[in-house]
Amino acid sequence: MLTDFAHFLSWIVYWAGVIGGLIVLRHLIKKWRRPFVRILFQGIYLGVLLAPVATDTERLYFAPALMKMTMSILSADFESATQAIISLLGMTLLAILITSAYYIVVKYKKRSA
C-alpha cells in the first residue's frame, strides 16, 4: 500500500510523463493540415491517459484507468478491468466533446473577427 507521499509523488511522475508525451505528440502532428484532427488527437490522448479510476475509496486514492485496466487484465480481475474500461470510454467521449466544442468556438471566433 502506498503512503500519501508516495501516491502524490507517483502522480507527479505520471503527469510529467503525460506532459512529455504531449510535447512529442504535438511535434509529430504539427505539420498536419487539418487543425481539427490535431486538436482531436491531443484531446483523445489526454482523455485516455488522464482517465481516473478509484483504487481506494476510503482514502480517495485514484490511479490512471489505463494502468489499472492493464494490470487487472493481466491478473485476470475482469471486474476491475470493466470499471477501468468504463472510465476510459467515458473520458474519451468527454475529450472528443470538449475538443470538438473548443474547435467550433475557436473557428467561429476567427470568422467573426
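Trainee: What should I keep in mind before we start?

Mentor: Residues are numbered from 1 along each chain as its sequence is written, and side-chain values use heavy atoms, with hydrogens and water left out. Since the model is predicted, local features need pLDDT of at least 70 and side-chain atom pairs count only at pLDDT 80 or more, while totals for chains, interfaces and linings use all residues.

Trainee: What makes a stretch a helix or a strand here?

Mentor: Both are DSSP runs numbered from the N terminus: helices are H or I with at least four residues, and strands are E with at least two. Helix H2, for instance, covers residues 35–49.

Trainee: How do you know that the length of H1 agrees with what a helix should span?

Mentor: The expected span is 1.5 Å times one less than the number of residues. H1 has 26 residues and should span 38 Å; its end C-alpha atoms are 37 Å apart, so the two agree.

Trainee: And what about the reach of H2?

Mentor: H2 has 15 residues and reaches 21 Å from its first C-alpha to its last, close to the 21 Å expected.

Trainee: Why is H1 called roughly antiparallel to H2?

Mentor: H1 (residues 4–29) and H2 pack at an angle of about 160°, with their axes 11 Å apart. That angle makes H1 roughly antiparallel to H2, because the cut-offs are under 35 degrees for roughly parallel, over 145 for roughly antiparallel, 65 to 115 for roughly perpendicular, and oblique for the rest. The axes are lines fitted to C-alpha atoms, for helices over the stretch in contact, and angles run from 0 to 180 degrees between N-to-C directions.

Trainee: Which residues make that contact?

Mentor: Contact means heavy atoms within 4.5 Å. On the H1 side, Tyr14, Gly17, Val18, Gly21, Leu22, Leu25, Arg26 and Ile29 take part, and H2 brings Arg38, Phe41, Gln42, Tyr45, Leu46 and Leu49.

Trainee: Which residues of H1 are buried, and what do they pack against?

Mentor: Buried means under 20% relative accessible area, exposed means over 50%, and partly exposed is in between (1.4 Å probe, protein chains only). In H1, the buried residues are His7, Trp11, Tyr14, Val18, Leu22, Leu25 and Ile29. The buried residues of H1 pack against H2, strand E2 (61–64) and H3.

Trainee: Which residues are buried in H2?

Mentor: Those are Leu40, Gln42, Gly43, Tyr45, Gly47 and Leu49.

Trainee: Why is arginine 38 called partly exposed?

Mentor: Arginine 38 is in helix H2, and its relative accessibility is 23%, so it counts as partly exposed. Not counting residues up to four places away in sequence, arginine 38 touches Ile29, Lys30, Trp32 and Arg33.

Trainee: What makes methionine 91 partly exposed?

Mentor: Methionine 91, in helix H4, has a relative accessible area of 26%, so it is partly exposed. Leaving out residues up to four places away in sequence, methionine 91 touches Gly47, Leu50, Ala51 and Pro52. Methionine 91 and proline 52 are 39 residues apart in sequence, yet 8.6 Å apart in space, C-alpha to C-alpha.

Trainee: How do you know that isoleucine 96 is partly exposed?

Mentor: Isoleucine 96 also sits in helix H4, and its relative accessible area is 29%, so it is partly exposed. Beyond residues up to four places away in sequence, isoleucine 96 touches Leu40 and Ile44.
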